[in-house]
Amino acid sequence: MKIANDFLWGGSIAAHQCEGAFDEDNKGLGIMDLVTVGAYGQPREIHKQLSSKDRYPSHDGIDFYHRYKEDIELFAEMGFKALRISIDWSRIFPNGDEETPNQAGIEFYKNVVNELLKNGIEPIVTLYHFEMPIYLVTEYGSWTNRKVIDFYLKFCQTMFEALKGKVKYWVTFNEMNHIDPQTEASDIFTYIIAGLKYSELENKEQTLATIGYNMTLASCLAVELGHKIDDTNQIGCVFGIEPVYPVDCNPINVMNAFKQMDRDFYQIDAMCTGQFPAYKLHEYEDQGLTISITDEDIEAFAKGKLDFIGMNYYASSVAEYEGADEGKSALFGGLQNPFLPTSKWGWAIDPTGLRYLLNYTYRKYGLPIIITENGLGAVDELTSDNKISDDYRIEYLSQHIQEMRKAIELDQVDCFGYLTWGPIDLVSATTGQMSKRYGFIHVDLDDDGQGTLNRSKKKSFDWYKQVIESNGEHL
Ligand code: BG6
């Protein structure tokens with residue numbers, strides 16, 4: 001197999017990390033609008049209400065809301081075939097439970113999609129990338145409440161209908177897998193996904209299990225709905241997955257690693273096999289957790305199977321084991337791998353892990369896969385002539401693309417696209433910083449919100465253009 005001629009090269013962005021305009025055109029308050037700026041080792045604060053003393057990076061983002069035309073033109077100049085955007089739910093239904101949607105919000109996304117199409121860029125639309133109206137959290141209890149599934153479906157229906165005939169690729173959710181009760185949980189991860197602080201949850205494991213189940217169900221229902229509205233829609237879900245390696249060949253450690261990695265897959269199992277996995281229900285039962293499954297749910301799982309799997313890949317980790325040094329913890333739980341270098345933010349750099357994960361996932365489900373995020377968060381320094389020579393970023397991406405090529409060409413994995421995270425610098429989700437940069441395009445904005453917001457090309461801009469032009473040959 002070769003990389004197909006219509007392979008989707010491009011990038012991914014998310015509304016709350018780039019749009020800004022947080023209170024314009026009737027937008028409601030979204031969960032991330034209440035999160036302050038942090039730093040590596042200094043968590044973002046999560047507020048119950050806005051305070052005039054603090055800075056909330058989502059409020060201004062990188063002003064994509066007003067500059068999307070300029071930004072899309074730059075993506076087109078690089079030769080992008082696809083751009084993954086997200087729709088901010090709180091722009092469409094400001095509180096989440098309204099009868100009618102906010103037309104101004106719909107208009108904005110129609111304009112963005114039209115602009116992409118005009119530039120020959122395929123829009124890939126994520127319906128939930130950490131952008132829930134806060135009202136659904138405070139008034140309804142977020143995803144713990146099944147009513148929220150109905151509100152989500154109404155929002156999905158609104159967007160499926162509004163963008164019908166223009167958008168073919170849809171993503172129901174971004175990275176819901178980080179909500180599992182058996183995974184290392186933290187305030188920011190639980191909050192990002194469901195608007196709830198882990199430390200404040202009363203019945204932690206049960207709440208996370210219920211949320212995980214309800215979101216999985218919501219995804220299946222959205223897939224079924226999207227197919228009904230337009231049977232040419234291709235609907236996937238995006239997962240943030242880390243391969244988890246055993247620390248050595250002690251069978252106990254190998255089994256532990258298997259179990260720890262398996263946690264990231266139960267929702268994919270549910271969305272691809274047509275039923276919520278029995279092993280997961282059994283694990284919950286063992287832990288004294290209950291999930292109530294109705295006959296309608298069983299039908300929804302059977303009817304809402306995914307068309308493709310979206311994979312966000314940044315890092316791998318090593319499974320925890322008895323006697324492990326806790327100081328060596330990795331990103332989403334697990335431990336650091338002594339064989340791998342890490343980014344400045346402690347993320348292990350492991351290109352081979354991408355090939356491993358593509359193979360693992362493809363052999364498990366046989367579904368087409370798109371790499372929906374991959375990238376290096378780094379501090380970029382301007383040289384005296386005002387340029388950014390980001391060779392480290394080129395090296396990171398080039399190594400990962402090489403491994404993806406091996407997966408496609410040698411291992412026969414059906415991978416139909418590669419999207420970098422943050423083709424333009426934007427607000428970091430975990431830290432809220434601007435100084436954790438991923439882009440080919442530099443945005444003049446610092447962590448305190450100071451800067452002209454001017455866009456300029458980094459060295460990697462021309463490099464990626466050439467990668468796309470050569471269909472991945474010239475790395
Ligand atoms: C992914 C998210 O997990 O990681 C993105 O889907 C996020 O929203 C990306 O931005 C990189 O993480 P961070 O914290 O460096 O922005």
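Trainee: How do the residues of the shell around the ligand divide into nonpolar, polar and charged?

Mentor: The model is predicted, and the ligand in it has 15 residues around it, among which Glu175, Ala429, Thr430, Lys436 and Tyr438 come nearest. Sorted by kind, the residues of this shell come to six nonpolar, six polar and three charged.

Trainee: Which side chain has an N or O atom 2.8 Å from an oxygen atom of the ligand, and is also one of the residues that come nearest?

Mentor: The side chain of glutamine 17 places an N or O atom 2.8 Å from an oxygen atom of the ligand, while a polar side-chain atom of tyrosine 314 lies 3.5 Å from a ligand oxygen. A distance of 2.8 Å to a ligand oxygen is also found for an N or O atom in the side chain of lysine 436.

Trainee: How much of the area that the ligand exposes when taken alone does the protein bury?

Mentor: The space that the ligand takes up is the largest cavity. Taken alone, the ligand exposes 380 Å², and the share of this that the protein buries is 96%.

Trainee: What radius of gyration does the protein chain have, and why does it agree with a compact globule?

Mentor: The protein chain has 15 helices and twelve strands, and its C-alpha atoms fill a box of roughly 60 × 55 × 50 Å along the principal axes. Because a compact globule of 475 residues would have a radius of gyration near 23 Å, there is agreement with the value for the protein chain, which is 21 Å.

Conventions: Residues numbered from 1 in each chain as written. Predicted model: local features only at pLDDT ≥ 70, side-chain atom pairs only at ≥ 80, totals over all residues. Heavy atoms only, no water. Near = heavy atom within 4 Å. Polar contact = N/O pair within 3.5 Å; in protein donor to acceptor, adjacent residues only side chain to side chain. Areas by Shrake-Rupley, 256 points an atom, 1.4 Å probe, with all protein chains shown as cover. 1 Å grid on protein atoms, 1.4 Å probe; cavity = no way out; pocket = protein on both sides within 12 Å on 5 of 7 lines; lining within 4 Å. Sits in = over half its atoms within 2 Å of the grid points. Nonpolar A, V, L, I, M, F, W, Y, C, P; charged D, E, K, R; others polar. Helix = DSSP H or I, 4+ residues; strand = E, 2+ residues; numbered from the N terminus. Rg over C-alpha atoms; globule rule 2.2 N^0.38 Å.
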